[in-house]
Amino acid sequence: MTFDLMGLEKNAYESHFGGLSEDAVIDFAMKNKITNLSRGLYQKIRYVKYMCGDMDAAAKHYDLQQQRDLYAECAGQATTGRTVFFLTVTFIDGLIGLYFARKHRDDEAKWTGVAETAIEHMTKWAKSCSWNFANKLSLLQAEYFFLKDDEQAYSCYKASIKQAREHRFNHEEGLAHEKLATYLLHTNKHDEALQHFQDAKKCYETWYAHVLVRRVEKAIAVLSPLCTSSR
């Protein structure tokens with residue numbers, strides 16, 4: 001995952017799988033019924049695709065994991081390390097669901113259900129450990145309010161940014177800035193949106209996620225000419 005987000009042209013599977021591609025490792029895991037490996041790879045791919053903005057690929061890998069009945073097994077088989085990643089990917093799945101629910105397609109109910117399940121889990125986890133989960137819950141709530149065209153979205157985005165900063169989750173602060181910027185574009189507040197895209201870029205730079213920095217830079221380049229602050 002680090003190689004993907006930093007944009008490094010290296011094969012992360014070389015030392016353990018003889019240089020096989022990621023798809024080949026997944027096939028190997030499926031054929032040999034190595035469930036934990038299969039599940040972990042689908043989760044990792046989903047996380048990276050979402051963070052990199054490849055939403056169709058993120059949804060595809062969510063559906064693939066569902067079809068192969070891997071997701072439901074996680075709680076029963078997880079060790080501490082895998083549990084941590086499961087918690088994180090539940091957050092990402094909720095965000096994927098809300099992205100597609102906002103498209104108001106025939107599958108809106110499916111994706112809304114995915115999001116509502118994630119919010120339910122995150123609400124419970126935030127009560128147990130606010131430090132790790134409060135910012136995630138606030139961002140899911142913000143995106144849910146965005147879906148429902150509810151103005152409470154703005155305050156939830158701001159809360160998520162503040163919580164992520166205070167808890168030193170640089171990447172999730174960047175994500176919250178980016179999502180708030182998208183919401184602000186929807187409400188035609190271009191100047192404020194630009195500021196949050198710029199703040200997202202700074203957060204991703206701190207995280208050394210060069211791929212994410214380049215993606216946000218493209219949004220800034222498109223948006224800047226439309227803003228009074230850049231004229």
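Guide: Helices are DSSP runs of H or I with at least four residues, and strands are E runs of at least two, numbered from the N terminus. This is a predicted model in which local features need pLDDT of at least 70 and side-chain atom pairs count only at pLDDT 80 or more, while totals for chains, interfaces and linings use all residues. Residues are numbered from 1 along each chain as its sequence is written, and side-chain values use heavy atoms, leaving out hydrogens and water.

Visitor: Which helices each supply at least two residues of the lining of the second largest pocket?

Guide: A pocket is an open set of points on a 1 Å grid over the protein atoms alone, where a 1.4 Å probe fits, with protein on both sides within 12 Å along at least five of seven lines; lining residues have an atom within 4 Å of a point. Here the helices are helix 4 (35-51), helix 11 (170-186), helix 12 (190-206) and helix 13 (210-223). Helix 11 gives the most, with 4 residues.

Visitor: Of the residues that line the second largest pocket, which are the closest to its centre?

Guide: About 290 Å³ of space lies in this pocket. Of its 15 lining residues, Y99, E178, K179, T182 and R215 are the closest to the centre.

Visitor: How many salt bridges does the structure hold?

Guide: A salt bridge is a side-chain nitrogen of Lys or Arg within 4 Å of a carboxyl oxygen of Asp or Glu. The structure holds 9. In one of them, R215 pairs with E178, the closest N and O atoms being 2.2 Å apart. R215 lies in helix 13 and E178 in helix 11, so the pair ties together parts that are 37 residues apart in sequence.

Terms used
Grid points are joined across faces, edges and corners, and a volume is the space filled by probe spheres set on the points.
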